[in-house]
Amino acid sequence: MNTERPMNTDPRLCPEIRALLADHLDGLLEPAQAARASEHLETCAACAGEADRARRIHAALAAPWDVPGPSTDLPLRALASARARRPGSGRVVGVALRYAATFAAGVLAAFLVFRAEPARSLPTTEVAHPVPVAAPGSDIPNGMPEGAAPTYSPRRIR
Amino acid sequence: MESGFEAVYARYGRQVHAFAARFTGDVGAAEEICQETFVRYLQHEDALRGRNGHVAPWLFRVAANLGVDRLRKMKPGALHDGDALPVAPPPAVEPDDGERVRRAVTELAPDLRAAFLLRAHHGLTFPQMALVLDLSERGAKDRYRRARDLLAERLAPWFPERISHEHGTAHEH
């Protein structure tokens, strides 16, 4: 009977496999190397624990942070800018007009909805989140809490 | 099917904008970069038509180049490795892990930052990254690996467990 351990469970492999864990998670290993690492992780509890920790760190690094989306008229501005640089392009003008029509329809719809809304009376009771009022002599304008993020205003490329 | 400005913008507009915002750390800059990227797309639309697999890398490449130009304006002088974006003063409260990661990514050199964001946050394949970064596929892998190892090294004190680094300490070039 052969009592020798299979190669993939050999504890002497542990340092080598652990050094490859991050690359293994990122798909950077050659297929044969990846298969060897997977095989070892299936049979080595210590390395499997290390792989779990590496996986958590990998997930933390790969979690994208939120950023605001593009302004709604960005494609329209891109089309206008492209048209300005390439006057006479019928296709660009056509696409720009379609975007402009969509944008105008949205504005019109919002206006009509706003007009159709009945006027609401202000509550006379205390509101849950009152608008802060600046102290006399303060530089902070009324309604602008201290430290509030400035309103984003997209700039136009010249 | 990636054909026509509308379809391409609908598919990649948000991604390009988000990449530019994360790369420069400036939403106003991202707006300009994204706009200019799609202006250039319109100028090269005919050449890109029918080359569906190349549209996304082409857009990210233009955005990354514009981002580097923008960083030069934000921080005059050559952008060498180790150059970081202006970092906001530390807040009064302890940042969470997400904020620590954001800061650490922002402190990477632009070439490493781009490689990390393209792969980890925008899901580009290594062949696509090679097109964006003008590298071989192996070069793209190496650059991503350097960025990832640097981040893991810099963030190790804050994570509950440290990542193993038997393969050596990462260096920025």
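Predicted model: local features only at pLDDT ≥ 70, side-chain atom pairs only at ≥ 80, totals over all residues.
1. Chain A. The secondary structure of chain A consists of six helices and zero strands. In sequence order the pattern is α-α-α-α-α-α. Chain A has 158 residues, and 25% of them count as buried. Of the contacts in chain A with a separation of 6 or more, 44% are between residues 24 or more positions apart.

2. Chain B. There are eight helices in chain B and zero strands, and from the N terminus the order is α-α-α-α-α-α-α-α. Chain B has 173 residues, of which 51% count as buried. For residues at least 6 apart in sequence, 60% of the contacts in chain B join residues at least 24 apart.

3. Extent of the interface. On the chain A side 40 residues take part, in contact with 49 residues of chain B. The area buried between the two chains is about 4200 Å². Carbon and sulfur atoms give 59% of that area.

4. Five salt bridges are counted between chain A and chain B. B:R148 and A:D26 form a salt bridge, with their closest N and O atoms 2.8 Å apart. On the side of chain A that touches chain B, the elements giving two or more residues are α1 (14–19), α2 (21–25), α4 (45–62), α5 (74–85) and α6 (90–116) of chain A. By class, that side of chain A has 24 nonpolar, four polar and twelve charged residues.

5. A:A78. This residue lies in helix α5 of chain A. A:A78 counts as buried because its relative accessibility is 0%, under the 20% limit. Which residues is A:A78 in contact with, leaving aside its neighbours within four places in sequence? They are B:F5, B:Q35, B:F38, B:V39 and B:L42.

6. Helix α2 of chain B. This helix covers residues 27–43. Its 17 residues, at 1.5 Å a residue, should span 24 Å, and the end C-alpha atoms are 24 Å apart, so the two values agree. Of the 17 residues in α2(B), 14 are buried, and the helix is mostly covered. At the start of α2(B), a side-chain oxygen of B:D26 comes to within 2.8 Å of the backbone nitrogen of B:G28.

7. B:E45. Helix α3 of chain B holds B:E45. Is B:E45 buried or exposed? B:E45 counts as buried because its relative accessibility, 4%, is under 20%. The side chain of B:E45 reaches the backbone nitrogen of B:F5 at 3.2 Å. B:F5 is also one of the residues in contact with A:A78.

8. Helix α4 of chain B. The same check on length can be made for α4, residues 52–74 of chain B. At 1.5 Å a residue its 23 residues should span 33 Å, and its end C-alpha atoms are 34 Å apart, which agrees. The buried residues in α4(B) are B:V55, B:A56, B:P57, B:L59, B:F60, B:V62, B:A63, B:A64, B:L66, B:G67, B:R70 and B:L71. The cover over these buried residues includes α1 (5–24), α2, α3 (45–48), α6 (110–121) and α7 of chain B.

9. Helix α5 of chain B. In this helix, residues 97–106, the buried residues are B:R100, B:V101, B:R103, B:A104, B:V105 and B:T106. What covers the buried residues of α5(B)? The cover includes α4 of chain A, together with α6 and α8 of chain B. Helix α4 of chain A is also among the elements that give two or more residues to the side of chain A touching chain B.

10. B:D134. The residue is found in the loop between α7 (126–133) and α8 (137–155) of chain B. Most residues other than glycine have a negative phi. B:D134 counts as exposed because its relative accessibility is 54%, over the 50% limit.

Conventions: Residues numbered from 1 in each chain as written. Chains lettered and ligands numbered in written order. Heavy atoms only, no water. Contact = heavy atoms within 4.5 Å. Buried area = accessible area lost by both parts, 1.4 Å probe. Salt bridge = Lys/Arg side-chain N within 4 Å of Asp/Glu carboxyl O. Helix = DSSP H or I, 4+ residues; strand = E, 2+ residues; numbered from the N terminus. Nonpolar A, V, L, I, M, F, W, Y, C, P; charged D, E, K, R; others polar. Expected span 1.5 Å × (residues − 1). Buried < 20%, exposed > 50% of the residue type's maximum accessible area, 1.4 Å probe, protein only. Polar contact = N/O pair within 3.5 Å; in protein donor to acceptor, adjacent residues only side chain to side chain.
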